[in-house]
Amino acid sequence: MTTFRELIRKVKAEIREVTPEEAQQAAKQGALLVDVREADEWAQGHAPGALHVPRGFLELRIEEKARDKDAKIVLYCAGGTRSAFAARSLQELGYSDVVSLTGGFGKWKEAGLPIEVPKSFTSEQRQRYSRHLLVPEVGEAGQAKLLESKVLLIGAGGLGSPAGLYLAAAGVGTLGILDSDVVDLSNLQRQVLHTNDRVGKPKTESAEATIRALNPDVKVVRHDLRLDSSNVLEAFAPYDLILDGSDNFSTKYLVNDASYFLRKPNVYGSIFRFEGQVTVFERDKGPCYRCLFAEPPPAGLAPSCDEAGVLGVLPGVIGLLQATEAIKLLLGKGRPLIGRLLAYDALEPSFTEFKTRRDPRCRLCGDSPEIKTVEDLSWSCHFDPTAPRERATVGA
Ligand SMILES: [Zn+2]
């Protein structure tokens, strides 16, 4: 019969151990730091950047987390015992460079190394976001990120409505709603944030009421203003990301320029009758709106929004593609639509992707930029006949 003492001595002889400082150094050099403690221990604090895989699930899950069996893995638990057994198990699974942190997280803390305390969720939040918590790419860390995120919706109209509803449902913690209009009966064919009994009320007020009723976690910030060069930078400053659901050229250029100067991702969408487009503009990572559409068309060449019309369900598709891109950017997951423009044709139906490139002659982000600060355009509501595939586009 082997006693526990003998067993742990034997296990420790078969594995390698590292100090907290060595563990930290290895993690900085790209080693996978794995916390094998239970969920309640993890919740009270853990090493920054560590991956949480409780000991009981380690053998089951490690292969999806670490596909390369020669990658360096540092395991830790509370005191260094569970991680020692875990290290031996991983060696048996063929991992060639596994070490265990001697003294565990206790020693890590004693050494004064940084710790991270995850956001704690209320039981109601655990239920509300349970389907997110089950998705590995979201999980607790991702949901906490969403709750701390701030997104500004430009317009509570056709695109802002579906985007706002789903971002609120997803638990994006702060939603700014920028709109100066009141709800009109003709909006209700597509602007699903608003209701019949709110016709005549400010759109921001109506949007706030709908979002409050859907998810009380979300803080709604109303911006009852018409965007111009005097207020755009101040309005954008508090937000992580801008979702452009505006319906006119002057606003789209202004949103583009302000996002560029403030280095905030701009999730762009536009719709026209049966067609819509989505892309993401982010400084230094891809083109800007002006690279694609250098100048608005002459006023006389473009019909007004009222003349253009739009299929009521179309902004639902495009606004939700924008919301999806926004969530991906906030989570830092997936491949954002930067340098790519996705065009949707509802009649076919088809999705077509276009590569977009930064224009070295762009007046904003080109090699010799002329635009140094935000400026107003005197355009109101036209579509651009130079859009990709020579298709016309206009906002919501
Ligand atoms: Zn540009």
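Me: Where is Asp-244 found?
Reply: In this predicted model, Asp-244 is part of strand S9, which covers residues 241-244.

Me: Is Asp-244 buried or exposed?
Reply: Asp-244 is buried: its relative accessible area is 0%.

Me: Which residues is Asp-244 in contact with, leaving aside neighbours within four places in sequence?
Reply: Asp-244 is in contact with Ile-154, Leu-159, Lys-252, Val-255, Asn-266, Val-267, Tyr-268, Gly-269 and Gln-322. For Gln-322, which is 78 residues from Asp-244 along the chain, the C-alpha separation is 8.6 Å.

Me: What does the side chain of Asp-244 make a polar contact with?
Reply: Its partner is the side chain of Ser-246, at 2.7 Å.

Me: Changing topic to the metal. Which residues are the protein donors of the zinc ion?
Reply: The donors are the SG atoms of Cys-288, Cys-291, Cys-362 and Cys-365, which lie 2.3 Å from the zinc ion. Their spacing in sequence is C-x2-C-x70-C-x2-C.

Me: Which parts does the pair Cys-291 and Cys-365 tie together?
Reply: Cys-291 belongs to helix H14 (residues 289-292), whereas Cys-365 sits in the segment after strand S13 (350-355), so the pair ties together parts that are 74 residues apart in sequence.

Me: And why is the arrangement of the four donor atoms called tetrahedral?
Reply: The angles subtended by the four donor atoms around the zinc ion run from 90 to 121°. Four donors count as tetrahedral if all angles lie between 85 and 135 degrees, so this site qualifies.

Me: Are those cysteines buried or exposed, say Cys-288?
Reply: Cys-288 is buried, at a relative accessible area of 4%. Cys-365 is buried at 8%, and Cys-291 is buried at 12%.

Me: How many disulfides does a search of the whole structure find?
Reply: The search finds zero disulfides.

Me: Then salt bridges. How many does the structure hold?
Reply: There are 23 salt bridges in the structure. One of them joins the side chains of Glu-14 and Arg-88, at 3.3 Å from N to O. This pair links distant parts of the chain, with Glu-14 in helix H1 (residues 4-14) and Arg-88 in helix H5 (residues 82-92), 74 residues apart. Glu-14 is partly exposed, with a relative accessible area of 37%.

Me: What about Asp-97 and Lys-72?
Reply: Their side chains also meet in a salt bridge, at 3.4 Å from N to O. Asp-97 is in strand S5 (residues 97-101) and Lys-72 is in strand S4 (residues 72-76), so this pair ties together parts that are 25 residues apart in sequence. Lys-72 is partly exposed, at 29% relative accessible area.

Me: Which residue does Arg-363 form a salt bridge with?
Reply: Arg-363 pairs with Glu-370, and their closest N and O atoms are 3.1 Å apart. Arg-363 is partly exposed at 26% relative accessible area, whereas Glu-370 is exposed at 53%.

Me: Which residues do salt bridges that share partners join into one network?
Reply: The network consists of Glu-208, Arg-212, Arg-222 and Asp-224.

Me: Where does Glu-208 lie, and is Glu-208 buried or exposed?
Reply: Glu-208 lies in helix H11, residues 203-214. Glu-208 is buried, with a relative accessible area of 15%.

Me: Which residues does Glu-208 touch, not counting those up to four places away in sequence?
Reply: Glu-208 touches Val-220 and Arg-222. Arg-222 is also one of the members of the salt-bridge network.

Key. Residues numbered from 1 in each chain as written. Predicted model: local features only at pLDDT ≥ 70, side-chain atom pairs only at ≥ 80, totals over all residues. Heavy atoms only, no water. Donors = N, O, S within 2.8 Å, 3.2 Å for Na, K, Ca; no water. Tetrahedral: all angles 85-135°; square planar, octahedral: opposite > 155°, others 65-115°. Helix = DSSP H or I, 4+ residues; strand = E, 2+ residues; numbered from the N terminus. Buried < 20%, exposed > 50% of the residue type's maximum accessible area, 1.4 Å probe, protein only. Contact = heavy atoms within 4.5 Å. Polar contact = N/O pair within 3.5 Å; in protein donor to acceptor, adjacent residues only side chain to side chain. Disulfide = S-S within 2.5 Å. Salt bridge = Lys/Arg side-chain N within 4 Å of Asp/Glu carboxyl O.
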